[in-house]
Amino acid sequence: MTARRIRKIALEEHFTAPGFETYSKVFTSLMGSATQSELSSRLTDFDDIRLGEMDRAGIDVAVLSQTGPSVQAETDVDTAIRRAAENNDFLARQVARHPHRYAGFASLPMHSPRAAAAELSRAVETLGFKGALVNGHTNGIYYDAPAYDELWERMQQLDVPLYLHPTDPLPITKAYEGHPELSGAVWGWGVETATHALRLLFGGVFDRFPQVKIILGHMGEGLPMLRWRFDSRFAVYSHGVKLALRPSEYFGRNIVITTSGVCSPAALACALAEMGDDAVMFSVDYPYESTAIAADFIESAPLSDDTRERVCSRNAERILKLG
Ligand code: MN
C-alpha cells in the first residue's frame, strides 16, 4: 500500500478473553476447523496480527469488544456478573499495552439491570471504556422492559453509547425451519437485532432518556431503508402506542450505525441520506470480515472529503469522546 490512508476508527472489532470461547461455540462450530483455528488466533491476538492489519488499512484506533454472545449466553446470574467483570479487566490490560491504538467497550451482565449499571460505571469511570457492547437479548429478555430504565438512566448520565450487537433469537423462529443458512449472520441476526432496536424505539426508551444513543452495526441492520415506512404505517397501526416524535426522527438522534460487514457504496449512500452524515461510522467486524476490503470500500466510496472524514473518524471521536 503506497497510497496515503485516511485516518480511521473502527468500532465493531472483536477479541476473545480466556475461557470465553465456549460461549462462541454456538456459531464458530458451524465453520470448518481451519477457519476456526484461524479465527481463534486472530481473536486472541492483540499484537502483531491485529496491529499489522490495522496499519496496512490505515486504522488508527480499534474499539474492542468480546465476541458474541459473551455473557449474554450465560444462564447463571452470579457467574455472568463475575465473568463480565473478568472480561472487562482483561480488556483493560490489553488496552493499557497499546493505549493509542485500542479502546474498550464493556461486556455487561444484563441479567440484572442493577449489576449491569454498576459494571458500566466501573468500566467507564475506572477502566476508561467508551461504552458497552451487548449481544442482543439475555435469555430472551429485551431491554425495553421497565427494569432496564435503571441502566438507560446510567448510560445517559455517563454519556456513553450501547452497541447492540446481533445474536440468535430465542427460540429460533418457525420461519427458519428447514433453512439453517438463513437463521444466523446471513439474515436472522439482522432481523433479530433490528427488531430489538425497534422495541427500544417504540417502547419509549428514547422518550424517557432522550440523550441515550445505541449503535447498530451492519449498516443499521437494514433499518435506514425503511424509515419512511415506519412513519407511514405507525400513523395507521399505532395500537395506542404514543411517541413524542415520529419514528423516523429517532434515527440519527438516538440510533446511529456503523458500516461493519456491508461494504456496498449504494447501501452507504442510502444510509447517509436517511440517517445524516453525523450518524454513520466506519467499522470492519474483525476478524469475521476483511479489514482490507472494508478500508478499500470506505476510501473509494463516492463521498465528499468532509463526509468521508466524518464517517471514518470524526463521528466516532465525538460520540465516543475519543481524544
Ligand atoms: Mn460483530
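**How the descriptions are reached**

Mentor: Bear in mind that this is a predicted model. The protein exposes about 14,100 Å², and carbon and sulfur atoms supply 55% of that area.

Trainee: What makes the radius of gyration of the protein agree with a compact globule?

Mentor: A compact globule of 323 residues would have a radius of gyration near 20 Å, and the protein has 19 Å, which is why the two agree. Along the principal axes, the C-alpha atoms fill a box of roughly 55 × 50 × 45 Å.

Trainee: How many of the residues count as buried, and what does the word require?

Mentor: A residue is buried when its relative accessible area is under 20%, and 55% of the 323 residues count as such.

Trainee: What do the contacts say about residues that are apart in sequence?

Mentor: Taking contacts between residues at least 6 apart in sequence, 80% of them join residues at least 24 apart.

Trainee: Which strands make up the open sheet, and in what order?

Mentor: The protein has 14 helices and 8 strands, and the open sheet takes 5 strands in the order β4-β5-β6-β7-β8, with parallel pairing.

Trainee: Why are β4 and β8 said to stand at the edges?

Mentor: β4 (132–134) and β8 (280–281) each have a single partner strand, so one side of each is left without a neighbour in the sheet.

Trainee: How do you know that β6 and β7 pair?

Mentor: Pairing requires at least two bridges between the strands, and 3 bridges join β6 (residues 214–216) to β7 (residues 255–258), which run parallel. Leu216 stands opposite Ile257 in β7.

Conventions: Residues numbered from 1 in each chain as written. Predicted model: local features only at pLDDT ≥ 70, side-chain atom pairs only at ≥ 80, totals over all residues. Heavy atoms only, no water. Helix = DSSP H or I, 4+ residues; strand = E, 2+ residues; numbered from the N terminus. Rg over C-alpha atoms; globule rule 2.2 N^0.38 Å. Buried < 20%, exposed > 50% of the residue type's maximum accessible area, 1.4 Å probe, protein only. Contact = heavy atoms within 4.5 Å. Areas by Shrake-Rupley, 256 points an atom, 1.4 Å probe, with all protein chains shown as cover.
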